[in-house]
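Please open the structure in a viewer with the sequence panel displayed.

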Amino acid sequence: MIAAIMSLSLLLFCNNDIKLTKNESVMKFELIELPYAADALEPVIGKQTIEIHHGKHLLAYVNNLNNLIQGTQFENADLETIVKKSDGAIFNNAGQILNHNLYFLQFSPTGSRKPTGRLAEAINATWGSFENFQKEFEATGVGLFGSGWVWLSSNGQGKLLITKEFNAENPITKGLKPLLTFDVWEHAYYLDFQNRRADHLKSLWTIVDWEVIESRY
Ligand code: MN
């Protein structure tokens with residue numbers, strides 16, 4: 001019995017030791033910390049959705065990427081470089097990390113709910129009004145068949161565009177600067193809105209922090 005306990009302890013110790021060593025050598029990208037509590041965006045995004053979306057989906061992309069880049073040309077590259085230059089599984093995981101980092105960090109329970117200044121002027125010049133921009137942004141997200149993201153981006157001259165990107169794609173691969181994004185993968189809204197993607201997208205406006213979006217412009 002004592003021998004069994006000792007060998008079990010040894011086994012646990014060894015496993016732990018291996019795990020720590022592996023983490024130290026592998027860990028490169030880290031899961032972002034959210035600047036709000038898991039329940040702070042309710043009822044638009046529920047606590048359980050945040051916990052699963054951030055704590056499980058995004059964490060899995062981070063762990064996958066850290067494992068996949070070992071021994072490749074991307075081992076010491078930054079995230080944007082990997083997204084621009086990779087393909088296959090490395091691209092999918094890196095793209096999803098970049099997309100989710102931009103997504104989660106643009107929300108706030110108490111933020112500025114309308115664009116101001118230079119960005120507001122550019123939105124009005126492009127779409128006529130903030131309301132028209134919102135309508136087109138929502139319609140683009142609703143019209144995306146399958147999984148993906150709807151984006152507001154700017155080009156090198158500050159011109160604004162709405163685009164939809166499938167799966168893990170990000171506008172930076174087209175030379176654009178991503179400003180705002182809504183995740184239309186079902187995992188982003190199914191617990192809170194089930195099949196009602198349009199209602200979910202409409203409700204997201206009430207938690208977007210436009211000061212964050214302006215700082216990206
Ligand atoms: Mn997602």
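Select Gln194, which sits in the loop between helix 7 (190-193) and helix 8. The model is a predicted one, and in it Gln194 has a positive phi of about 50° although it is not a glycine. Most residues other than glycine have a negative phi. With a relative accessible area of 34%, Gln194 is partly exposed.

Next, select Asn167, in the loop between strand 2 and strand 3. Asn167 likewise is not a glycine, and its phi is positive, about 55°. Its relative accessibility of 42% makes Asn167 partly exposed.

For a further backbone feature, display the peptide bond from Glu42 to Pro43: this bond is cis, with omega near 5°. Most peptide bonds are trans. Pro43 is placed in the loop between helix 1 (2-26) and helix 2 (47-68).

From Asp183, move to strand 3 (177-183), one of the elements against which the buried residues of helix 6 pack. Select helix 6 itself, residues 130-142. This helix has 13 residues and reaches 18 Å from its first C-alpha to its last, close to the 18 Å expected at 1.5 Å a residue. Colour its buried residues, which are Phe130, Phe133, Gln134, Phe137, Glu138, Thr140 and Gly141. Viewed down the axis of helix 6, the buried residues fall within an arc of 160°, so they line one face of the helix. Besides strand 3, the elements packing against them are helix 5 (117-127), strand 1 (148-154), strand 2 (160-166), helix 8 (197-204) and helix 9 (210-216).

Proceed to helix 5, where Leu119, Ala120, Ala122, Ile123 and Trp127 are buried. Looking down the axis of helix 5, one finds these buried residues within an arc of 160°, so they too line one face. On the face turned away from that buried side, select the exposed residues Arg118, Glu121 and Ala125. The cover over the buried residues of helix 5 includes helix 6, strand 1, strand 2, strand 3 and helix 9.

The following stop is the interior. In soluble globular proteins, nonpolar side chains tend to be buried together. Here the largest nonpolar core holds 58 residues, of which Phe133, Leu180 and Trp210 touch the most other members. Helix 4 (residues 88-104) gives the most to this core, with eight residues. Select Leu180 and display its contacts: leaving aside residues up to four places away in sequence, Leu180 touches Gln106, Phe133, Phe137, Val150, Trp151, Leu152, Trp205, Val208, Trp210 and Ile213. Two of these, Phe133 and Phe137, are among the buried residues of helix 6.

Finally, colour the chain by pLDDT. The mean for the protein chain is 90, and 88% of its residues reach 70 or more. Over residues 1-24, pLDDT stays under 50, and the model has zero contacts beyond four places in sequence for this stretch.

Methods
Residues are numbered from 1 along each chain as its sequence is written. This is a predicted model: local features need pLDDT of at least 70, side-chain atom pairs count only at pLDDT 80 or more; totals for chains, interfaces and linings use all residues. Side-chain values use heavy atoms; hydrogens and water are left out. Helices (H or I, at least four residues) and strands (E, at least two) are DSSP runs, numbered from the N terminus. The expected span of a helix is 1.5 Å times one less than its number of residues. Buried means under 20% relative accessible area, exposed over 50%, partly exposed in between (1.4 Å probe, protein chains only). The arc is that of the directions from the helix axis to the C-beta atoms. Contact means heavy atoms within 4.5 Å. pLDDT is the predictor's confidence in each residue, from 0 to 100. A nonpolar core is a set of buried Ala, Val, Leu, Ile, Met, Phe, Trp, Tyr and Cys residues joined through side-chain atoms within 4.5 Å.
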